[in-house]
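Here is a short briefing to read alongside the model. Take a look at the structure, then go through the points below.

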Amino acid sequence: MFVIDATVEKSIELDNQIYLLKIHSPQIAETIRPGQFLNIRVSDSYYPLLRRPFSVCDVEDDFFYLMFNIYGEGTKILANKRFGDVIDVLGPLGNGFNYNGDYDTAIIVAGGLGAAPFPFLIKKLPQDKNVYSFIGGRTFKDVIIHGMKNILTATDDGSLGYKGTVVDLLKVNLPMLNSSRIKIFGCGPNAMLRSLKEFCIDNNLDCEVSTESAMACGFGICQGCPIESVDNPDKFLLVCKDGPVFNVKDVII
Ligand SMILES: Cc1cc2nc3c(=O)[nH]c(=O)nc-3n(C[C@H](O)[C@H](O)[C@H](O)COP(=O)(O)OP(=O)(O)OC[C@H]3O[C@@H](n4cnc5c(N)ncnc54)[C@H](O)[C@@H]3O)c2cc1C
Ligand code: FES
């Protein structure tokens, strides 16, 4: 884990007010794995006081990318970063996806900004894996397809792709995928992750999800990011240290 002053290379605004921030840091680019995250101090002042956690969206040479939209004060400040600005970055943090397993087809399931960790994961998947990306949002504006492969889309209002949730779309397509051994990688709002968990357990599918929690330290000290464990209801796991990626069977979302 490093604490690094990393330099902004450029800020790219995609459609729908989604930002990609390209940041130079050979240490992070070399060491980070898909699904791990960084805890970022967005300003030099004490406001906002706490760092903000972000998945690494992609890595290219000595650069890494963050993906976000303007949500609160922290992301508003990040969206205004420009070439040469220096950002204090803590990471890599967390465990990351376990993608070198015994399966043929990787199914990405993302809701809204849950798309953020997947361009990097897709890039790192072993060459022999097939990939399908099931991408959902409330409306077409919330569907983020940047860096995805073999894309199927769903929107709650039917403005793009299948009308319904992204998990409904997965259910409809399961017969098509059933001939191969699949592993599912999910990220999105908790309601989506709960529905994905139920679907995977019902269909006996292996599934890892990247979870979110409000965070302070980002590395297991403050105990501020608990998530309930299935095995031991009296014991909480920590999203920052034990996660953010969990097998859906292991946690109560
Ligand atoms: C491991 C991890 C990876 C993440 N990766 C990304 C990413 O790649 N891109 C991205 O856009 N966002 C990501 N997030 C979420 C991101 O950290 C928050 O959205 C961020 O704190 C927003 O900062 P802000 O200052 O703009 O808003 P804030 O001012 O921090 O938040 C505004 C409001 O949202 C609430 N809030 C903040 N964070 C969360 C949260 N995680 N869950 C529920 N409520 C929250 C706050 O309590 C507050 O009420 C990630 C979170 C985690 C834990
Ligand atoms: S954020 Fe401090 S323990 Fe997880």
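In what follows, Ala, Val, Leu, Ile, Met, Phe, Trp, Tyr, Cys and Pro count as nonpolar, Asp, Glu, Lys and Arg as charged, and the others, Gly among them, as polar. This is a predicted model, where local features need pLDDT of at least 70, side-chain atom pairs count only at pLDDT 80 or more, and totals for chains, interfaces and linings use all residues. Residues are numbered from 1 along each chain as its sequence is written, while chains are lettered from A and ligands numbered from 1 in the order in which they are written. Helices (H or I, at least four residues) and strands (E, at least two) are DSSP runs, numbered from the N terminus.

**Around ligand 1**
- The shell (C-beta atom, placed from the backbone, within 6 Å) holds 21 residues, of which F68, G72, G74, T75 and A116 come nearest.
- Two or more residues each come from β4 (52–55), β6 (63–69) and α2 (73–79), and β4 gives the most, with 4 residues.
- By type, the shell has 12 nonpolar, 6 polar and 3 charged residues.

**Open sheet**
- Three strands line up as β15-β14-β17 with antiparallel pairing (a pair needs at least two DSSP bridges).
- β15 (236–238) and β17 (251–252) are at the edges with a single partner strand each, so one side of each has no neighbour in the sheet.
- Strand β14 (residues 226–229) is joined to β17 by 2 bridges, and E228 has I252 as its bridge partner.

**Helix α4**
- V166, V167, L169 and L170 of α4 are buried (20 or more other C-beta atoms within 10 Å of their own, C-beta atoms being placed from the backbone).

How values were computed: A residue is buried if 20 or more other C-beta atoms lie within 10 Å of its own, exposed if 12 or fewer, and partly exposed in between; C-beta atoms are placed from the backbone.
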